[in-house]
Amino acid sequence: MVVEVRIERVRTDEWGRAMTAMTSAAAGAEQVLRPHAEEAFAAELDALAAADDRPRPARWKLSPWAVATYLLGGTLPDGTVVTPKYVGPRRIVEVAVTTLATDRALLLLGVPGTAKTWVSEHLAAAISGDSTLLVQGTAGTPEEAIRYGWNYAQLLTHGPSRDALVHSPVMRAMAEGRIARVEELTRIPADVQDSLITILSEKTLPIPELGAETQAVRGFNLIATANNRDRGVNDLSSALRRRFNTVVLPLPASAEDEVEIVSRRVDQIGRGLDLPAAPRGADEIRRVVTVFRELRGGVTEDGRTKVKSPSGTLSTAEAISVVTNGLALAAHFGDGVLRAGDIAAGILGAVVRDPAADRLVWQEYLETVVRERDGWKDFYRACREVSA
Ligand SMILES: Nc1ncnc2c1ncn2[C@@H]1O[C@H](COP(=O)(O)OP(=O)(O)OP(=O)(O)O)[C@@H](O)[C@H]1O
Ligand SMILES: [Mg+2]
């Protein structure tokens with residue numbers, strides 16, 4: 001029995017090493033579908049680190065100024081262009097970055113699709129050079145995902161020991177002085193959430209089984225994201241809320257901002273999927289953004305006509321996927337030029353989530369707004385075709 005368990009352990013280790021080797025080989029060959037932020041933007045991060053002469057908090061790869069520049073974009077003295085990752089108020093980014101340099105954790109709050117996850121990943125990449133210390137919050141997230149678990153084979157043979165501990169991403173971040181990320185914090189059951197309180201206030205993780213603890217080293221902090229819409233599913237206890245500085249990410253302020261966000265992301269995603277750049281794409285992107293903003297806001301852009309809002313969120317993230325799908329349609333089944341017909345089905349799918357109520361809302365918008373608008377005849381026809 002004992003021998004069997006040992007063999008199991010060796011196998012587990014070897015399997016782990018093989019998997020790590022495979023994963024890094026794949027990353028090296030640029031075969032991964034979605035590289036982590038720190039890999040995708042390694043050149044920008046290196047250039048920023050070289051140009052950055054401001055003081056850095058302990059174990060930070062960059063100064064707070066350079067982290068903010070990485071997120072918001074800019075041109076460095078040596079001419080390197082840093083692309084903007086987040087489009088929005090500068091102050092929001094500054095407050096978020098500064099929070100992480102203090103002893104308070106950061107909570108990014110906002111409606112769906114406002115780049116909470118995106119900002120959290122890029123902050124962790126810029127500060128720690130590692131965005132992978134991630135706990136995904138779900139209704140079933142166990143306490144071990146935040147604290148630690150046990151390797152039972154080890155536990156049975158050797159009893160409780162440090163070797164038998166399975167570190168959670170949060171525990172690793174504490175030991176290594178890095179940023180840990182917790183996604184969708186309010187989906188996690190309340191008692192599991194509360195295991196964060198000791199970590200955030202005492203900066204230590206007790207391990208009663210060993211009569212030991214793991215203390216956070218300098219550089220450790222935590223970024224959590226939570227969705228406004230989920231508020232109340234498992235609302236944060238006030239004890240936990242007090243440990244966070246909350247930063248609310250807004251919807252894009254203007255249509256121009258939103259068009260820029262969508263164009264930029266679609267371009268990046270399209271390159272990842274080897275889709276050709278679409279020449280007339282800009283007009284259609286503006287159209288998708290206009291439709292989404294009008295339906296979301298309940299009024300047309302000129303402020304003259306009221307429209308009803310559908311039940312879905314119609315976030316920027318959904319606009320991005322409508323345009324990406326449209327581009328794929330144009331590339332594979334059209335002439336490569338993004339046209340009204342390529343985005344109509346995507347828009348319909350995003351707007352009509354509830355087949356009865358939303359369909360009425362969409363029909364009304366189509367007949368009262370789209371039909372009358374100058375230069376939108378092709379779009380109206382395409383929408384009628386897919387709605388029928
Ligand atoms: N202001 C913005 N600046 C840059 N990108 C944005 C902005 N708003 C949305 N995006 C884009 O939207 C996409 C979705 O964002 P993300 O997944 O981070 O949203 P989220 O807030 O985490 O949503 P959810 O609540 O559904 O988890 C990302 O690709 C991101 O680039
Ligand atoms: Mg998210």
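**Where α12 meets α13**

A255, E256, E258, V259, V262 and S263 in α12 meet I285, R286, V289, R293 and R296 in α13. Contact means heavy atoms within 4.5 Å. By class, this contact has five nonpolar, one polar and five charged residues. Ala, Val, Leu, Ile, Met, Phe, Trp, Tyr, Cys and Pro count as nonpolar; Asp, Glu, Lys and Arg count as charged; the others, Gly among them, count as polar.

This is a predicted model, where local features need pLDDT of at least 70, side-chain atom pairs count only at pLDDT 80 or more, and totals for chains, interfaces and linings use all residues. Residues are numbered from 1 along each chain as its sequence is written, chains are lettered from A and ligands numbered from 1 in the order in which they are written, and side-chain values use heavy atoms, with hydrogens and water left out. The chain's mean pLDDT (the predictor's confidence in each residue, from 0 to 100) is 89.

Now the geometry. Two packed helices are described by the angle between their axes and the distance between the axes. Helix α12 covers residues 255-272 and helix α13 covers residues 281-297. Helices are DSSP runs (H or I, at least four residues), numbered from the N terminus. The two pack at an angle of about 125°, with their axes 9 Å apart. That makes α12 oblique to α13. Angles under 35 degrees count as roughly parallel, over 145 as roughly antiparallel, 65 to 115 as roughly perpendicular and the rest as oblique. Axes are lines fitted to C-alpha atoms, for helices over the stretch in contact, and angles run from 0 to 180 degrees between N-to-C directions. The crossing of α12 and α13 is right-handed: the near helix is turned clockwise from the far one by less than a right angle.
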